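Visitor: I am new to this one. Could you show it to me and let me ask how you know what you say?
Guide: Gladly. Here it is.

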Amino acid sequence: MKGIIMRAVRNTDQGILVTEIDEPVAPGVRLTIASTGICGTDVIFAAGGVQGYTVQGYTYGHEFAGTAADGRSYAVEPLVYCGQCDQCRTGHVQRCTAPEHGTLGIFRNGGMCDAVTVSENMLVPLPAGLDVRDACLVEPASVAWHGVRRAALTPGERVAVVGGGSIGLLAVAAARQRGHDVDIEVRHKHQRMAAERLEAGPAEGLYDVVIDAAGSESGLARCAELARPGGRIVLLGVYVHTVPIPGVASLVKELTYVNSISYSRHDGIRDTEQAAALLAGNPAIAQTVITHRFPLDDAAEAFRVAGDRASGAIKVVLHP
């Protein structure tokens with residue numbers, strides 16, 4: 001019996017291509033994909049990858065949402081975890097110690113395709129007000145939400161974000177939803193305009209907490225400049241090799257660096273659920289952060305735009 005043929009975005013020797021593959025058969029809930037976001041990590045992998053890893057042979061996409069056969073729509077929390085280790089039992093599923101731990105769309109098949117079957121525990125029901133075509137933002141918003149929560153903000157603390165991409169802007173939205181005024185340091189004019197729509201001012205002065213959403217040596221140096229003595233810097237930027245922490249400023253100010261990865265659970269509530277509520281409660285977030293939409297067949301061009309920081313793109317989304 002022949003399987004179902006579907007389109008899938010994969011990296012090849014010829015670059016990003018839309019290929020035809022047999023739809024994988026697996027237990028779980030089958031979703032017809034409605035939206036898939038292109039992450040900065042996807043762009044890095046497509047452009048050359050990470051030393052020691054193969055970046056071909058799987059379907060990209062860890063930011064995605066779709067609709068089940070019963071008509072209900074979901075975002076997907078793409079973490080694969082055992083649920084039994086000490087980290088999982090305390091809600092830190094992103095730190096799962098089991099061999100199967102990982103993320104859909106990163107070295108294993110993800111959602112940049114026509115349809116996918118996922119475990120039921122990966123489904124994030126969409127609250128009223130969040131369109132499934134925008135719901136691919138739930139995953140990066142969860143990253144930002146988790147990072148803001150890791151900052152352990154207290155009332156009255158000043159917050160700054162360095163980096164005007166999707167994670168930086170979503171961190172602004174997450175911190176503002178928690179009642180904090182937020183300023184941001186950006187590089188491009190379109191990022192400044194987006195930040196203003198989310199009510200973030202330009203960064204100046206010193207801050208109790210600085211969120212690094214740039215993932216660059218110059219960005220991290222700016223974080224250290226903006227942090228007050230005794231301040232905290234939350235690392236949301238991705239560093240493939242060594243994190244270039246500024247030595248003198250960090251030492252003299254006695255700065256604390258807080259690492260943050262993915263998303264977890266607290267008191268039985270998932271970061272992904274809270275991120276979905278954040279997006280549903282403020283439609284301007286998706287309207288601001290999603291700047292480009294492409295059909296799946298134009299994935300190569302979508303990746304090109306997503307990788308051009310001066311193109312005016314913030315979040316590029318694919319729709320089948």
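**How two domains meet**

Guide: One salt bridge is found by the rule across the interface of domain 1 and domain 2. Keep in mind that this is a predicted model.

Visitor: What makes Asp-271 and Arg-149 a salt bridge?
Guide: The cut-off is 4 Å between a side-chain nitrogen of Lys or Arg and a carboxyl oxygen of Asp or Glu. The closest N and O atoms of Asp-271 and Arg-149 are 2.7 Å apart. That is within 4 Å, so the pair counts as a salt bridge.

Visitor: How many residue pairs are in polar contact across the interface?
Guide: The rule finds 16, with both residues of each pair at pLDDT 80 or more.

Visitor: How do you know the size of the interface?
Guide: Interface size is often given as the accessible area lost when the parts come together. Here the two domains bury about 2000 Å² between them, with 65% of it on carbon and sulfur atoms. Pro-140, Leu-278 and Ile-314 supply 27% of the area that domain 1 buries against domain 2, more than any other three residues.

Visitor: Why does the radius of gyration agree with a compact globule?
Guide: For 320 residues, a compact globule would have a radius near 20 Å. The chain has 19 Å, so the two agree.

Visitor: And how many helices and strands are in the chain?
Guide: The chain has ten helices and 19 strands.

Terms used
Residues numbered from 1 in each chain as written. Predicted model: local features only at pLDDT ≥ 70, side-chain atom pairs only at ≥ 80, totals over all residues. Heavy atoms only, no water. Buried area = accessible area lost by both parts, 1.4 Å probe. Polar contact = N/O pair within 3.5 Å; in protein donor to acceptor, adjacent residues only side chain to side chain. Helix = DSSP H or I, 4+ residues; strand = E, 2+ residues; numbered from the N terminus. Rg over C-alpha atoms; globule rule 2.2 N^0.38 Å.
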